[in-house]
Amino acid sequence: MLGLLKTGGKLLIGDISFQTREDLEACRKNNRGRWDEDEFYFVRDDLMDSLQVMYEYHQISHCGGVYMMLGK
């Protein structure tokens with residue numbers, strides 16, 4: 001999809017996401033009994049090296065974040 005972006009374009013992906021693994025674990029602890037163990041939750045620090053694109057991350061709530069991929 002990034003190849004379809006115009007120069008200066010942006011791809012925004014918002015989802016349940018955390019800045020660090022510690023943030024995720026704290027949220028899991030605070031939400032015992034409601035936490036969905038079958039779900040995958042993104043952690044920005046874990047994705048940083050695996051994503052081979054330029055992106056920004058913005059934490060917008062205690063459990064939500066937005067990844068912004070930038071067109072070349």
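Guide: A residue is called buried under 20% relative accessible area, exposed over 50% and partly exposed in between, with a 1.4 Å probe and protein chains only. Tyr-57 has a relative accessible area of 12% and is therefore buried. Tyr-67, at 5% relative accessibility, also counts as buried. This is a predicted model, in which local features need pLDDT of at least 70 and side-chain atom pairs count only at pLDDT 80 or more, while totals for chains, interfaces and linings use all residues. Residues are numbered from 1 along each chain as its sequence is written, and side-chain values use heavy atoms, with hydrogens and water left out.

Visitor: What confidence does the protein chain average in pLDDT?

Guide: pLDDT is the predictor's confidence in each residue, from 0 to 100. The protein chain averages 89, and 100% of the residues score at least 70. Helices (H or I, at least four residues) and strands (E, at least two) are DSSP runs, numbered from the N terminus. Confidence is highest in H1, at a mean of 96, and lowest in helix H2 (residues 44-47), at 90.

Visitor: How is an aromatic pair described, and how many aromatic pairs are there?

Guide: A pair of aromatic rings is described by the distance of the centres and the angle of the planes. Rings of Phe, Tyr and Trp (its six-membered ring) pair if their centres lie within 6.5 Å; planes under 30 degrees apart count as stacked, over 60 as edge-to-face and the rest as tilted. The count by this rule is six aromatic pairs. One of them joins Phe-18 and Trp-35, a tilted pair with 6.4 Å centre to centre and 35° between the planes. Phe-18 belongs to strand S1 and Trp-35 to the loop between H1 and strand S2 (42-43), so this pair ties together parts that are 17 residues apart in sequence. Both Phe-18 and Trp-35 are buried. Tyr-57 and Tyr-67 form another tilted pair, with 4.6 Å centre to centre and 50° between the planes. Here strand S3 (residues 55-59), which holds Tyr-57, is linked to strand S4 (residues 64-70), which holds Tyr-67, across ten residues. Ring pairs also gather Phe-40, Phe-42, Tyr-55, Tyr-57 and Tyr-67 into a cluster.

Visitor: Which residues make up the largest nonpolar core?

Guide: A nonpolar core is a set of buried Ala, Val, Leu, Ile, Met, Phe, Trp, Tyr and Cys residues joined through side-chain atoms within 4.5 Å. The largest has seven residues: Phe-18, Leu-24, Cys-27, Trp-35, Tyr-41, Val-43 and Cys-63. A second, separate core of six residues includes Tyr-55, Tyr-57, Tyr-67 and Met-69.

Visitor: Where does Tyr-41 lie, and is it buried or exposed?

Guide: Tyr-41 lies in the loop between H1 and S2, and its relative accessible area of 14% makes it buried. Contact means heavy atoms within 4.5 Å. Beyond four places in sequence, Tyr-41 touches Ile-16, Phe-18, Leu-24, Trp-35 and Asp-36. A polar contact is a pair of N or O atoms within 3.5 Å; within protein, one must be able to donate a hydrogen and the other to accept it, and residues adjacent in sequence count only if both atoms are side-chain atoms. The side chain of Tyr-41 reaches the backbone oxygen of Asp-36 at 3.4 Å.

Visitor: Which backbone atom does the side chain of Thr-20 reach?

Guide: The side chain of Thr-20 reaches the backbone nitrogen of Asp-23 at 3.0 Å. Thr-20 is placed in the loop between strand S1 (10-18) and helix H1 (21-30), and is buried, with a relative accessible area of 17%.
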